[in-house]
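Thank you all for coming.

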2 protein chains.
Amino acid sequence: MADHNALPLVILAEKFASLPGIGMKTAQRLAYHVMSMDEAAVEDFAKALVDAKKNVHSCKCCQNLTERDICPICDDAERDSSVICVVETPKDVTAFERTKEYNGVYHVLHGLLSPMDGITPDKLRVKELLARISKGGVKEVIMATNPTVEGDATAMYVAGLLKPLGLKVSRLAFGLPVGGILEYADEVTLFKALENRNDM
Amino acid sequence: MADHNALPLVILAEKFASLPGIGMKTAQRLAYHVMSMDEAAVEDFAKALVDAKKNVHSCKCCQNLTERDICPICDDAERDSSVICVVETPKDVTAFERTKEYNGVYHVLHGLLSPMDGITPDKLRVKELLARISKGGVKEVIMATNPTVEGDATAMYVAGLLKPLGLKVSRLAFGLPVGGILEYADEVTLFKALENRNDM
């Protein structure tokens with residue numbers, strides 16, 4: 001914004017613009033919107049920001065984000081703690097929970113291996129996973145990282161650590177997305193779908 | 001987010017989702033991003049929200065947003081205070097300032113007439129405009145509201161109040177946008193461009 005604009009508004013717009021996917025135009029629009037909100041609503045928003053950052057941390061068991069010591073999923077006696085689904089982010093946990101079909105527990109790595117970006121195994125929550133497994137009772141680990149180069153590399157790396165421990169290690173199936181159109185599937189996906197075809 | 005998510009995160013996502021143009025998916029992504037920020041950066045963000053709301057208010061003269069009593073434009077002795085450009089929002093002031101061609105002052109109405117939505121003249125900063133003009137020294141008022149039904153109605157209404165005072169009241173020109181393609185211009189714009197054609 002030009003220098004005729006009120007400085008606190010410029011600062012607020014810059015804060016919004018620092019968020020991912022929000023450009024300067026949208027940030028200005030949001031800053032102006034804040035001006036039209038009640039003072040109490042703005043203070044609630046500010047409090048929500050600080051509260052989330054202060055009170056939410058990793059679950060001591062699965063590393064998912066929670067405001068408790070142990071997250072509700074790890075704490076749920078009805079869930080099968082012998083199956084661990086390993087994912088990259090807390091968002092992936094939400095995606096699996098939406099299916100309402102998975103009854104095991106999770107482990108959130110908080111990233112994927114990417115040596116070029118300096119993300120080595122010690123930056124991920126891998127040792128927490130090993131510590132968890134060493135306590136016993138785990139039968140299967142499902143590697144549910146994204147089907148990308150980094151996701152595959154991370155799955156391979158973690159699987160390499162777990163297999164010597166005598167665990168069953170599996171990977172999510174690759175194939176056509178349900179409702180997708182064959183014509184638009186890329187070659188690799190189509191090849192995987194062919195390779196992993198099932199009897200009817 | 002489902003109930004396995006940390007409550008402070010859900011609350012924060014809802015706050016983001018209450019902003020215009022931000023859906024629940026984006027709001028969740030932003031809430032997760034906040035988790036990855038430094039605690040100091042989150043507190044700065046929260047402070048920027050509250051500061052903007054607390055310290056920014058309407059200029060006593062032109063009603064534009066400012067943290068001072070009188071905004072820098074009204075306060076600038078080099079600007080021609082005999083010409084007032086009447087706009088809907090502070091964003092419109094920014095748009096005019098970007099042209100670097102306008103040397104008059106502004107008046108921000110903070111809305112447009114829309115009786116269906118309950119926005120009657122008393123909800124706009126019209127009486128402040130009249131009070132300003134009654135002090136004398138104003139020669140021309142440029143109605144620079146948007147070329148929409150509400151913008152036109154507001155311009156007509158304000159012009160109707162000002163003309164009896166013996167002021168020159170003008171309206172922004174309608175025509176083809178510079179760099180636009182004639183083929184894609186709508187009929188009304190093209191008609192206006194034809195009607196207001198200039199000698200070469």
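This is a predicted model: local features need pLDDT of at least 70, side-chain atom pairs count only at pLDDT 80 or more; totals for chains, interfaces and linings use all residues.

The side chains of Lys54(A) and Glu43(B) meet in a salt bridge, with 3.6 Å from N to O, where a salt bridge is a side-chain nitrogen of Lys or Arg within 4 Å of a carboxyl oxygen of Asp or Glu. Between chain B and chain A the count is two salt bridges, and there are also seven residue pairs in polar contact, both residues at pLDDT 80 or more. A polar contact here is a pair of N or O atoms within 3.5 Å; within protein, one must be able to donate a hydrogen and the other to accept it, and residues adjacent in sequence count only if both atoms are side-chain atoms.

On chain B, the elements that give two or more residues to the side touching chain A are helices H1 (7–17), H2 (24–35), H3 (39–55) and H4 (90–99), together with strand E2 (65–66). H3(B) gives the most to that side, with 14 residues. Helices (H or I, at least four residues) and strands (E, at least two) are DSSP runs, numbered from the N terminus.

Residues are numbered from 1 along each chain as its sequence is written, chains are lettered from A and ligands numbered from 1 in the order in which they are written, and side-chain values use heavy atoms, with hydrogens and water left out.

How many residues does the contact take from each chain? It takes 52 residues from chain B and 52 residues from chain A, contact meaning heavy atoms within 4.5 Å. The two chains bury about 4,800 Å² between them, 74% of it on carbon and sulfur atoms; buried area is the accessible area (1.4 Å probe) that two parts lose on being put together, summed over both.

Let me turn to helix H4 of chain A, residues 90–99, whose buried residues are Pro90(A), Asp92(A), Val93(A), Thr94(A) and Glu97(A). Buried means under 20% relative accessible area, exposed over 50%, and partly exposed in between (1.4 Å probe, protein chains only). These buried residues of H4(A) pack against strands E2 (65–66), E3 (80–87) and E4 (104–108) of chain A, together with H2 of chain B. H4(A) is followed by Lys100(A), whose phi is positive, near 60 degrees.

Finally, Pro177(A) lies in the loop between strand E6 (168–171) and helix H7 (187–195) of chain A, and it counts as exposed because its relative accessibility is 56%.
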